[in-house]
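Here's a quick walk through the model, one region at a time. Have the viewer open and follow along.

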Amino acid sequence: MLADIVGAAVEIATYAAITAAAGFLVFGTITTGGLALSLVVGIVMAMTGGDNVVSNLADWVSSIFPLNEDGKITTGSPNTRINSKPAARAAGTIDPSIELTDDGEQPQ
């Protein structure tokens, strides 16, 4: 999660710096320009491929943080498939002291 936060912060800071630099070059000051200049910078970045450079930079910074694997999914749904694999949900943990039983009752 920390890698995602840092990656997003790098992208935001990079775009802010590019927009501030463009504002300084066009208007002679960083404080003017506003929304219109931000849109122009975004369009130019998308047209020139600069957005890919910024994304690659953010991905590189995120890769500095090690991946954290808490476990492996070993089972999935018997009747729902995603990409030809049984669908599974990996969220939260179950207290091992709780015994799970299937009593066949439907929720009301």
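## Starting at S62

Let's begin with S62, which sits in helix α3, residues 50-62. (Helices here are DSSP runs of H or I with at least four residues, strands are E runs of at least two, and both are numbered from the N terminus.) Is S62 buried or exposed? It's buried, with a relative accessible area of 16%. The cut-offs are under 20% for buried, over 50% for exposed and partly exposed in between, using a 1.4 Å probe and protein chains only.

Who does S62 touch? Setting aside neighbours within four places in sequence, S62 is in contact with A3 and G7, where contact means heavy atoms within 4.5 Å.

A word on the source: this is a predicted model, in which local features need pLDDT of at least 70 and side-chain atom pairs count only at pLDDT 80 or more, while totals for chains, interfaces and linings use all residues. Residues are numbered from 1 along each chain as its sequence is written, and side-chain values use heavy atoms, with hydrogens and water left out.

An α-helix has 3.6 residues a turn, so residues three or four places apart point the same way.

## Over to α1

T14 lies in helix α1 and counts as buried at 19% relative accessibility. Leaving out neighbours within four places in sequence, T14 is in contact with V54 and L57.

I5 is in α1 too, a helix that covers residues 2-27. I5 is partly exposed, at 49% relative accessible area. Together with M1 and L2, I5 forms a nonpolar surface patch with about 380 Å² of accessible area.

## The loop with positive phi

Now look at the loop between β1 (81-82) and β2 (85-86), where N83 is placed. S84 is found in the loop between β1 and β2 too. Most residues other than glycine have a negative phi. N83, though not a glycine, has a positive phi of about 50°, and S84, not a glycine either, has one of about 65°. N83 counts as exposed at 70% relative accessibility, and S84 is exposed at 64%.

## The whole chain

Stepping back, the chain has three helices and two strands, which run α-α-α-β-β from the N terminus on. Of its 108 residues, 15% count as buried. The chain exposes about 9,100 Å², with carbon and sulfur atoms supplying 61% of it; accessible areas come from the Shrake-Rupley method with a 1.4 Å probe, and for residues only the protein chains shown count as cover. Among contacts between residues at least 6 apart in sequence, 43% join residues at least 24 apart.

Definitions and conventions. Patch = residues over 30% accessible without salt bridge, like charges linked within 9 Å, V, L, I, M, F, W, Y side chains within 5 Å. Salt bridge = Lys/Arg side-chain N within 4 Å of Asp/Glu carboxyl O.
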